[in-house]
Amino acid sequence: MPGTRVTARGSSTETVLDHAFAARAFTATDAMHATGLTRSTVLAACDELVRLGWIRELRDARAVGQYRIGRPAKRYGLDERAGVVVGVDAGQHRVTVFVADLRGSVLARAEGTPGADDLDVDVRLGTVSDTIARALSSAGVAAERVLVTTIGVPAPVAADGTSLPGDGGYWAAMNPGFDGVTGHGLVVVENDANLAAVAERDLRGDASFAALLAGERLGTGLVVDGRLLRGSHGGAGEMRVLSMVTGVGSADGLGRAAKDLVDAAGQQDRIAPGTPLAAAVRAGRTDAAAVFAAARSGDPVALDVVEQLGDRLARVCVVLASLLDIDRVVVAGAIAQPAGAVIDHAQTLLHEWSLDPVPEIVASTLGADVVVHGAIALALDVVQDDPLSLALPAARASSHRQPVVDAVQQPVPVETPAAV
């Protein structure tokens, strides 16, 4: 980017590659100004990066109307398709995979479900592996071009990528070890709420906030002063403490709590025949989206559920804000957009309670894919942290090298599913 200064790295080649990641297209002069390197050093680094496959030569400055007199300057750009990254949201009931190029453009997606055997380790690993393979096939990408795969799991993840057995062995089942799941490249495992926080941080730029996954269970990714908090066992943001908070009582998410409240209302014969909620129950739809839709139609029991959930959410936000002094709580996951009335009620309660600081509560705009977006973002961070340690496919030089071009390759359109 013009005016962006790239910090010198261990070698001039690394420094110029950093600039290539930051700039869409550049000349040697651009790279000199950004890096402080000499012209001969920049040109030598560019030649090396072209040889390695990280950058490619574009049409020269005269060809694109940027140079009129004298010898036209060479122009270079990152080869976005030199390799790919894979992001995985490996939830208990659903696996979602994105394949993205080195600019983060999503090339393809795939989904898989482990079915009734979602706690069986072999079934889980097979589902993740198969879903990755289908996403790569859809993108037209060979597995050997995968540089980094990031996998988000519903469990605390320590720095070494492992999880304690915890929760009666649930955490270990969710994170049984994914080495070799793609067959190529690095594999990074991370807590799903932490990945949601990475996605929101990149989208919003907030310095101190919590990304609250709020569907079946509550889990938070915590960013304080711009840094993601992890803890010694990766357990920062685990919400088991909520079992001791009056008015909350558990780490159940808004989705599960909504269903439990509707079931309790049914057992108490509070759901009147002919009401929107009665119709939803009759159709077997007691999920949060159906309850919130009934509330929007004025159903009295559904409205009461929304108020109870708002109170629950507000109390969770008080805990987070009191401990961490955060500015914002981002309600994330598939439930975020349908839960607008719950968020509004929680915000009203926070102001009424006057328990400063009062965090702002907002709904994530990334829907059900927030975790996999974060997984792609983290995978790209890993690539850019030390790109030259990652070997590009040997076959790329002959099979992937493309003619000198100037147009940015367009990703395959990806349809994001509606929140449920």
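Colleague: Is D287 buried, partly exposed or exposed?

Modeller: Some background comes before the reply. This is a predicted model, in which local features need pLDDT of at least 70 and side-chain atom pairs count only at pLDDT 80 or more, while totals for chains, interfaces and linings use all residues. Residues are numbered from 1 along each chain as its sequence is written, and side-chain values use heavy atoms, with hydrogens and water left out. Buried means under 20% relative accessible area, exposed over 50%, and partly exposed in between (1.4 Å probe, protein chains only). D287 has 29% relative accessibility and therefore counts as partly exposed.

Colleague: Where is D287 found, and with which side chain does the side chain of D287 make a polar contact?

Modeller: Helices (H or I, at least four residues) and strands (E, at least two) are DSSP runs, numbered from the N terminus. D287 belongs to the loop between helix 8 (276–282) and helix 9 (288–296). A polar contact is a pair of N or O atoms within 3.5 Å; within protein, one must be able to donate a hydrogen and the other to accept it, and residues adjacent in sequence count only if both atoms are side-chain atoms. The side chain of D287 has such a contact with the side chain of R285, at 2.6 Å. The C-alpha atoms of D287 and K259 are 5.8 Å apart, although 28 residues separate the two along the chain.

Colleague: What is the strand order of the open sheet of five strands?

Modeller: Strands of a sheet pair through backbone hydrogen bonds, either parallel or antiparallel. Two strands count as paired if DSSP finds at least two bridges between them. Here the order is 6-5-4-7-8, with mixed pairing. Strand 6 (106–112) and strand 8 (186–191) are the edge strands, each pairing on one side only. Strand 5 (residues 95–100) and strand 6 run antiparallel and are joined by six bridges; T96 stands opposite E111 in strand 6.

Colleague: How many aromatic pairs does a search of the whole structure find?

Modeller: Rings of Phe, Tyr and Trp (its six-membered ring) pair if their centres lie within 6.5 Å; planes under 30 degrees apart count as stacked, over 60 as edge-to-face and the rest as tilted. The search finds two pairs. In the pair of F26 and Y76, the ring centres are 5.9 Å apart and the planes stand at 35°, so the pair is tilted. This pair links distant parts of the chain, with F26 in strand 1 (residues 26–27) and Y76 in strand 3 (residues 75–78), 50 residues apart. Both F26 and Y76 are buried.
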